[in-house]
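Trainee: I would like a close look at one part of this model. Please take me through the strands first, and then through the surroundings of the ligand.

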Amino acid sequence: MFLLILIGSAAGYVAWSLVCLEINYKRASAMGIPLVRIPIDPLNFLWQVVEPNLWPALDFLRLPLPASTLYMRRGWFFADKAESHVRYGPIWATVTPRGIHVQVSDPEANHAIFTRRGDFVRPYHTYQLLEVYGPCISTADNANWARHRKVLAAPFNENIMNFVWNESLRQTRQMIEYWTTSESTRSFIPSVAQDTRTLSLNVLAATGFRRSVDFQGSSSGAVETEAGTFSYRDALQIVLDNVILLMVVPPRYLTNSWLPKSLLRLGKAAADFKMHMVRMLDEETSSLNRGEKGAGGIMTSFVRALDAHNKDDGSRGPKGMSVEEIFGNIFVINFAGHDTTANTLAFTMLLLAAFPEVQEWVAEEVRVVTANLDNEQWEYATLFPELKRCRAVLLETLRLFPPIMNLPKISNEQPQTLTVEGRTVVVPPVTWIYPCIIAAQTNSQHWPDPLAWKPSRWIKGGEETQPETLITPAKATYFPWSDGPQNCPGVRFSQVEFVAVLACLLRKHRLQAQTLPGESGEKLRERIMGVVEDCDAQMLLRMKDPNRIRLDCVRAKES
Ligand code: HEM
C-alpha cells in the first residue's frame with residue numbers, strides 16, 4: 001500500500017511538473033527567442049542536494065543523455081563558455097517546470113539590465129542564507145540596498161588602498177620566505193592555493209579590521225590561544241572554510257556537547273568570530289567617543305553608521321546601520337572579498353607556471369618600474385599605475401576564470417523590454433534573467449582566440465614614443481566585477497592586492513612546476529592546463545585539486 005502511494009505521488013509529481021513545464025514554455029514563447037526545455041529546475045532544492053553526487057555516477061555509466069541536460073549541471077557555464085550563445089544567439093532561455101531562465105550575452109542588453117536595477121532586481125531573497133550573522137547588503141531589498149552600499153563603499157578609498165598595497169607586499173614577502181626557506185617546502189610547496197587563501201585573508205583582516213598577523217604557510221593550522229579562544233584571523237578562516245554548513249545550520253546549534261568534535265570546533269570558531277566583532281565594535285565606538293580618529297577602515301565607517309542609526313527617529317525610513325547589520329556586513333565583506341581574490345591568485349600561480357614566458361614578460365616590467373628601489377620605497381601611488389602588465393595578468397585570468405560566472409536578476413512585476421541586435425524582446429514579469437559573464441568574455445566576436453590565456457592582449461602601445469597602456473574593452477563585453485550601480489565595491493581592493501603580490505613575487509623569483517620523468521615542456525603545460533580547467537563551482541569557480549601540480553619557488557637567474 002505504502003509503495004503504491006509512493007509511486008502514485010511520484011507519478012502525480014511528474015505529471016504536474018510536465019504541465020507546469022508546458023505552461024512556462026507557452027509563456028516564454030511570447031519572447032520570440034530560442035528556448036530549451038529542461039525537466040528539472042537547477043534551483044530546485046532537492047536537486048541541488050542530489051546533483052553533485054548524481055553526475056559522477058551518470059558520467060561513469062556513459063548514458064546517452066540529451067545535450068540539454070548540460071543546463072541542469074551546477075556551474076555549466078564554465079564548460080559551455082560562449083558555445084550555447086553562439087548556437088542559440090545572444091539571448092535565449094531554458095524553460096523548466098518552475099520557471100524561465102533567460103541567458104544574455106548581448107552587450108547592449110546586459111548594460112541595460114545592470115543599469116535598470118529597479119526593473120531587473122537582484123534576487124536578494126535567495127541570498128538569505130548569507131545572513132549567518134545578520135542582515136547585509138546582499139540580502140537587502142531594493143529600498144534598503146542603497147543605505148547599506150553608502151556605508152560600505154565609503155571606506156574603499158585611496159587611503160585604504162595604500163594600506164592594502166603595503167600589507168599585500170608584507171604578506172607576499174613572508175610567503176616567499178616560507179616557500180623558499182621552510183623545511184616543509186624543501187621538496188615542493190605543499191599547497192599554493194591554500195597559501196594564497198591565507199595571504200588574501202590576512203590582507204583582508206589587516207586592512208578592513210586592523211587585525212594584522214604574520215603569514216603562516218599551509219603546513220601550520222589554526223590554534224586556540226591560552227584563553228581558549230581562536231584569534232580573529234583563525235576564527236574567520238574556520239568560518240569561511242565551512243561557510244556552506246554555517247549557512248544551513250546556524251552557529252547557535254553547534255554548541256551541544258554531544259556533537260562531534262569537528263562541529264564543536266566550528267561552533268566555537270563561529271562564536272569566537274562574533275565575540276571579536278563585538279570587541280572591535282566596542283573598541284572603535286569608545287575611541288570615537290573619546291574624540292579620537294578611530295582605527296580608520298571599514299569599522300570606523302560602520303561605527304559612524306551605527307551612530308546615525310541610534311540618532312534616527314525613524315520618521316523617514318531607517319538610517320545608518322544597526323548592530324546586527326554591521327555584523328552581517330562584516331561577514332559578507334569577508335565572504336565576498338576572500339575566496340574571489342584567493343581563487344584568482346591560485347589560478348594565476350598555476351597559469352604562470354604553465355607559461356614561463358609570461359613570467360619573464362611581467363618580470364621585465366617589474367624590473368624596470370622598481371629599478372633601484374629598496375623594499376620600503378615600493379610606494380602604491382607611484383608603482384601601482386605603472387605595473388600594467390601585472391594588471392593585464394589579473395584581467396586575463398578573470399576573463400577566463402571569473403569566480404562568479406553569471407549574475408542572476410529577476411524582472412519586476414511589469415513586463416520589461418530589452419533591445420537585442422536591434423530587436424525588442426519583452427521579458428515577462430518575475431522572470432529570471434542572467435547576464436552571463438563567462439559567455440560575454442569568451443565570445444570570439446569581441447575576443448579573438450577567446451580561449452587562450454594571453455595577458456598581452458590587454459596591452460597596447462609600447463613603441464618608443466608610446467608608453468604601454470591597458471586597453472578598455474567594449475561596453476559590457478567584460479564584467480567580472482559586475483557592472484552598473486550594484487557592481488563589486490572591492491574592484492580596486494582586489495586589483496591593488498593582486499598587483500602587489502605578483503610584482504613582489506616576480507621581482508626576484510619564478511614559479512616552476514615539477515616535471516614527471518620524461519615529460520616535455522609542452523606536455524607539462526598540457527598537464528597544468530588540465531588541472532586549471534578541472535573546476536567546480538560549489539559557491540565560486542575554483543580548481544578541484546590544484547595541488548596535483550607540484551610547484552617550486554626559485555630565485556630568478558638575473559635577479
Ligand atoms: C577578484 C576579486 C573579486 C571579484 C571577481 C568580485 C566580483 C564580484 C561580483 C561579480 C559581485 C556582484 C555580485 C552580485 O551582483 O550578485 C561582487 C559583489 C561584492 N563584492 Fe566583490 N569581487 C572581488 C573582490 C572583492 C573584494 C576584495 C571585496 C571586499 C574587500 C569584495 C566585496 C564585495 C561586496 C561587499 C559585494 C556585494 C556588493 C553589493 O551587494 O552591492 N569583492 N563582487
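Mentor: This is a predicted model. Start with strand β3, residues 100-104, which runs parallel to β8 and is joined to it by four bridges. Within this pairing, V102 has I433 of β8 as its bridge partner. Strand β8 also pairs with β5, residues 409-411, this time in the antiparallel sense and over two bridges. Here K409 is the residue that stands opposite I433.

Now look at the two faces of β8, which covers residues 432-435. In a regular strand, side chains alternate between the two faces of the sheet. In β8, W432 and Y434 lie on one side, while I433 and P435 lie on the other. These four residues are all buried, and both faces of the strand are covered.

Next, the ligand. A shell of 25 residues surrounds the ligand, and R122, I137, W145, R149 and C488 are the closest. Sorted by class, the shell holds 16 nonpolar, seven polar and two charged residues. Helices α6 (142-153), α13 (323-354) and α18 (491-508) each supply at least two residues of this shell. The most come from α13, which gives six.

For R122, a side-chain N or O atom is 2.5 Å from an oxygen atom of the ligand. For W145, the distance from a side-chain N or O atom to a ligand oxygen is 3.0 Å. For R149, the corresponding distance is 3.0 Å.

C488 is found in the loop between β10 (469-470) and α18.

Finally, consider T196, a residue of helix α8, which spans residues 192-209. Its relative accessibility is 1%, so T196 counts as buried, the limit being under 20%. The side chain of T196 reaches the backbone oxygen of A193 at 2.9 Å. With neighbours within four places in sequence left aside, T196 is in contact with A342, L345, A346 and M349.

Conventions. Residues are numbered from 1 along each chain as its sequence is written. This is a predicted model: local features need pLDDT of at least 70, side-chain atom pairs count only at pLDDT 80 or more; totals for chains, interfaces and linings use all residues. Side-chain values use heavy atoms; hydrogens and water are left out. A residue is near a molecule or strand if one of its heavy atoms lies within 4 Å of it. A polar contact is a pair of N or O atoms within 3.5 Å; within protein, one must be able to donate a hydrogen and the other to accept it, and residues adjacent in sequence count only if both atoms are side-chain atoms. Ala, Val, Leu, Ile, Met, Phe, Trp, Tyr, Cys and Pro count as nonpolar, Asp, Glu, Lys and Arg as charged, and the others, Gly among them, as polar. Buried means under 20% relative accessible area, exposed over 50%, partly exposed in between (1.4 Å probe, protein chains only). Two strands pair if DSSP finds at least two bridges between them. Contact means heavy atoms within 4.5 Å.
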